[in-house]
Amino acid sequence: MPVVTMIGGGQLARMTHQAAIALGQTLRVLAGSPDEPAAQVSPNVVFGSHNDLDALREAATGAHALTFDHEGVPTEHLEVLQREGVAVLPPPQALIYAQDKTAMRKRLGELGAPMPKFAEITSVEDARAALGTLGDPYVLKAARGGYDGRGVWILEDHAELERVVTE
């Protein structure tokens, strides 16, 4: 029976496990702990961190493909696995657009895809200039590391805007 490895044991992995059963597939999960949603239902669980290349290798051993349920997996680790012959799907080159919101917006712009207005903010001066383009209030998002509601600020107060950007 084909084995697919999913890195991460969250809700998406749990739902994918349920769909895999209907397709006659086995889903192996790399989970951080036994209490993660997918680890509670999958009979094929490897425990370890998605940041640990050795844990990723263990989870990928014998799998037909490797995928992930979140964007936190280091792309450099996935590139190593690819070079070692693991079928990483989608490839690490695509994951960058989930990991970096600025790269994603720029790529969507190149493709002419519809998207909200945005400005790249790298300084307080950029943030002030964006007020004229985006209007007030606006949403400030961390380009990297924002996940599950972290790294998102709705800013109405200009002093708060400067504090958040400075931090």
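## Basis of the description

Because the model is predicted, local features need pLDDT of at least 70 and side-chain atom pairs count only at pLDDT 80 or more, while totals for chains, interfaces and linings use all residues. Residues are numbered from 1 along each chain as its sequence is written, and side-chain values use heavy atoms, with hydrogens and water left out.

In helix α3 the buried residues (under 20% relative accessible area, whereas exposed means over 50% and partly exposed lies in between, with a 1.4 Å probe and protein chains only) are Thr-75, His-77, Leu-78, Val-80 and Leu-81. Their cover includes α2, β4 and α4 (92–99). After α3 comes Gly-85, whose phi is positive, near 100°.

## Two prolines in loops

Pro-90 is placed in the loop between α3 and α4, and it counts as partly exposed because its relative accessibility is 39%. Leaving aside residues up to four places away in sequence, Pro-90 touches (contact means heavy atoms within 4.5 Å) Thr-67 and Phe-68.

Pro-137, in the loop between α6 (124–134) and β5, is likewise partly exposed, at 43% relative accessibility. With residues up to four places away in sequence not counted, Pro-137 touches Leu-155 and Glu-156.

## A strand pair and its surface patch

Strands β5 and β6 pair (DSSP finds at least two bridges between them) in the antiparallel sense over 4 bridges. Strand β5 (residues 138–141) has a covered face, Tyr-138 and Leu-140, and an uncovered face, Val-139 and Lys-141. Val-139 stands opposite Ile-154 in β6, and Ile-154 counts as exposed because its relative accessible area is 60%.

Together with Val-152, these two residues form a nonpolar patch on the surface, with about 260 Å² of accessible area in total. Such patches are made of residues with over 30% relative accessible area and no salt bridge, with nonpolar side chains (Val, Leu, Ile, Met, Phe, Trp, Tyr) joined within 5 Å and like charges within 9 Å; the areas come from the Shrake-Rupley method with a 1.4 Å probe, and for residues only the protein chains shown count as cover.

## Salt bridges

The whole structure holds 4 salt bridges, each a side-chain nitrogen of Lys or Arg within 4 Å of a carboxyl oxygen of Asp or Glu. In one of them, Lys-106 and Glu-120 meet at 3.0 Å, N to O, and the pair links distant parts of the chain, with Lys-106 in helix α5 (residues 101–111) and Glu-120 in the loop between α5 and α6, 14 residues apart.

Arg-107 forms a salt bridge with Glu-110, with the closest N and O atoms 3.0 Å apart; because they are 3 residues apart in helix α5, about one helical turn separates them. Salt bridges that share partners also join Asp-54, Arg-57 and Glu-84 into one network.
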